[in-house]
Amino acid sequence: TYVLSQIFPKFPFFWQSCPYVCLIYCEIVLRLAGEKKKHYEGRVEVFYNGEWGTVCDDDFSIYAAQVVCRELGFTGAESWSPSAKYGKGEGRIWLDNVHCTGSEKSLAHCESNGFGVSDCKHSEDVGVVCSSKRIPGFKFIRNQANSQEGLTVQVEEVRIRATYSHRKRIPITEGFLEVKDGGKWRQICNEDWNQKNSRVICGMQGFPGEKRFNTRPYKLLASRRKKNYWGFSINCTGNEADLSDCKLGREIEQKGNSTCGKGMPVVVSCVPGRVFAPSVSIGFRKAYRVEQPLVRLRGGAMIGEGRVEVLKNGEWGTVCDDNWNIRAATVVCRELGFGSAKEALTGARMGQGIGPVHMNEVECSGFEKSLTECYFNPNSLGCSHEEDAAVKCNVPAMGFHNRLRLSGGRNPYEGRVEVLGERNGSLVWGTVCSDSWGTMEAMVVCRQLGLGFASNAFQETWYWQGDSSADPVVMSGVRCSGTELTLEQCLHHGKHVACPKGGGRFAAGVSCTMTAPDLVLNAQVVEQTTYLEDRPMYALQCAHEERCLSGSADKADPSSYRRLLRFSSQIHNNGQSDFRPRASPQSWVWHDCHRHYHSMEVFTHYDLMSLNGTKVAEGHKASFCLEDTYCDEGIQKRYECANFGAQGITVGCWDTYRHDIDCQWIDITDVKPGDYILQVVINPNYEVAESDYTNNIMKCRSRYDGHRIWTYNCHTGKKDLFTLCIKD
C-alpha cells in the first residue's frame, strides 16, 4: 500500500479501492465477533494494516455476506444484519459502501470506498449468519504480515479419536484430540495445553466436564505412531461454548516428528452426563449436582434442548430472554449433564411456559455449577412468556440413528418403522409389530432419528412399500413412556417375538414433524369458577346419553336431582403448531341429541379423588367442538365450529368450555363430604402429539361439606398428592 501511494499520490482511489490491485497487494483477515449466539454468526471484523476494525452496513448485500462466510471457511451465508445487531465494534470502520458480486475470493476484492474511507458510525456495523457447514478441505490461512492477536481457531472438524481398545465404547469419552484442517486430520502438541482447553473440547463433544487420565499408555502409543501436528497452540479461557471462540496461540515450527519435541499429542478425557454414562463407576457424579434439580428443559423435540425452567419457592417458572446468551445457555447445558450450548434461543422458540418468570437479565461467567448461581436482576419486571429463553445443547454421538430407519415414505419424515434386530444369530432389518403402537412409541422413533416430534402413529402401512426383505417382524409388544432415547429402551417382548397380525402391511409406521402443539389448562380459571348445581334428571337426557353422569344415574328416577360439580376450563395452545384432532372430518361422530360432531372420543378427563389417590367420581369431556374462542393480540382465529367448520386450536389462542355447557362437570351425587383432589387431564389418551405432556394435568384441593364446595391451591403440571396435602 505504501509503495502504491508513492507511485500514484494524485490518485488515492486507485490504490485504496481498486479490486485488481487488491488481488495482489491487499491482505486482510476476517473474524466474527460481538454478542454471538452461534459460532458461525456475528459482527464482521477486518484485520488490516495491523488493526482490527468493522464494516459499515451501507450497500452491504447477501452477496457480500457470501464472500465473508466463504473467506471464513463456511460454505455460504444464510443472512446478514444491519445496525449493529451483534453490538457496536471499536476502532476503525475499515470498509464502507461494499459492493460484491458474490464470486470474489476475499472481501478486499469487492468494490468499496477504500480502506478507512467511511462516514459511518459503529451503530451501523454489519453482521452475518453463515451456514454451519465448513468448506471441505478448507485451509486456515494465516496472514504472515499481521499480528495473531485476536484471531480465533478456525478448523473444519474436531474429534476425540479413541484407542483401538476403546473404539467400541459408546459414547467415546477419551482419546487423542484431532482437528481437521485443509482436509487432513492433525494432532495438537500438548506443550501449551491445559484443562481449560480440555473443558471446551468436552463441551463440544456433549460432555459436562473433563477429568484426569493415565498418560502412560498414551505416551507408549504416541511413540509408535506417525504424527502429523497442527501448526498452532490453542488458548481457551474455559467458558467458551466452541473451539472457534478460543484464541489462536503461538505458531509451532513444523519440523517433522520433532514438532512437539518436549511433549506429545493432546489427549482429552471427558465425564459423561447421567443420561449417557454406561455405569456409576465412570465417575459422572463429580461432574455436576445430583441432588434435586433446580433447572429443567421443556418443550424440546430432541434430548438436550428445550425451554429453560427454574424451580423457585417450590414453583417452576421460566427465564426471560433479555441478555440471554451462549454463556448462560452453556451453564444450563452443563448443569443438566450435557455439553456446551449449540444455541441460545430467544422469543419462546421452544413454546411459551406457564407460571412466573423467575429470572431476567441473566449474566453468567460460564463457570457456575447452576444457572441459579448466575447474577440476574430481581427488580426487572414486565417480561412475558413470549420472551421465554431456551437452549440447544451439544450431546454425545451415541449412534442411535443407525439402528432404526423409516422406509417407503413420501419424504424422510414418514414411513414404515424398521429396526436392526437379531435373527438366527445375525443382525437384520425388520419391522415392528403394530399391536398397541401409539403416539408415545412414535415419539421415541422420531426423537431417535432426530426428526422432531411424532405427528401420527400408524398401525397399517400397506401404502408405504418398504424393503420386502425387511417385512418379517423383529420387535413386538412395544410400550414406551415417551422419555426413552431409543425404541430398544422401551418395554418389548425381547427375543421372543409375538405378533398375531404379522408385519408387512400391518407393520408400525410414523410421520414426524419439527413442531408440535402444547395444550395447557388455565388453573386459575378452574379455581375461580367452581360451584355446585343440583339439576333434575329430566334436564340431563342428552348428557345421560353421552355417558356424562355417574353409573347410579342409570337407575335414577326421572324426577330426582343430580349434584354436579361445575367449572369452566380455558385451554391454551402454547406450542409451535396448531392443535388439530387426529381423526379426519369424515370420521367425526354426529351426536343428534346435542346436534354437534365429536372430533375426539375423549378430550379431557375430570376426576375427583380421595387424598390417597382413590377415584370417587369422574367425568369426561368429548370434543364437542374445538375452536379458537379467543386469541392473543395480533393473532387471527382459524377454527370456528359454526357451519360445520374446521376444528382445532391455533397457536396463541385458547378454547373455553364454559361452566354452563353440558358435560362440563363431575357428577358427585354419591360423594360423601370430605377433603378431595380435583384433577383435570387434557388429551388423556395421547391421541394428539404434543411437545410437552407434563403440563396437561391440573390438580386442586377441594373441600366438600355436603352443601358447598371450596376449590383452592390449583396447580398445573405433575405434582404429587403429598405436596398438595402438606400445603393445606
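Author: In this predicted model, Cys 189 has a relative accessible area of 3% and is therefore buried, since the cut-off for that term is under 20%. Its disulfide partner is Cys 260, with the two sulfur atoms 2.0 Å apart, and Cys 260 likewise counts as buried because its relative accessibility is 4%. The torsion about this S-S bond is 70 degrees, and the link of Cys 189 and Cys 260 is right-handed. The bond connects distant parts of the chain, 71 residues apart: Cys 189 belongs to the loop between strand E9 (184-187) and helix H5 (195-204), while Cys 260 belongs to the loop between strand E12 (247-251) and strand E13 (267-271).

A search of the whole structure finds 15 disulfides, and two others can be described in the same terms. One of them pairs Cys 69 with Cys 130, again with a sulfur-to-sulfur distance of 2.0 Å; here the torsion is about -85 degrees, so the disulfide is left-handed. Because Cys 69 lies in helix H4 (residues 62-71) and Cys 130 in strand E6 (residues 127-130), the pair ties together parts that are 61 residues apart in sequence, and both Cys 69 and Cys 130 are buried.

The other is formed by Cys 631 and Cys 653, whose sulfur atoms are 2.0 Å apart, and with 100 degrees about the S-S bond this link is right-handed. Cys 631 is in strand E34 (residues 630-631) and Cys 653 in strand E35 (residues 653-657), so that distant parts of the chain, 22 residues apart, are linked; Cys 631 and Cys 653 are both buried.

Notes:
Residues are numbered from 1 along each chain as its sequence is written. This is a predicted model: local features need pLDDT of at least 70, side-chain atom pairs count only at pLDDT 80 or more; totals for chains, interfaces and linings use all residues. Side-chain values use heavy atoms; hydrogens and water are left out. A disulfide is a pair of cysteine sulfur atoms within 2.5 Å. Helices (H or I, at least four residues) and strands (E, at least two) are DSSP runs, numbered from the N terminus. Buried means under 20% relative accessible area, exposed over 50%, partly exposed in between (1.4 Å probe, protein chains only).
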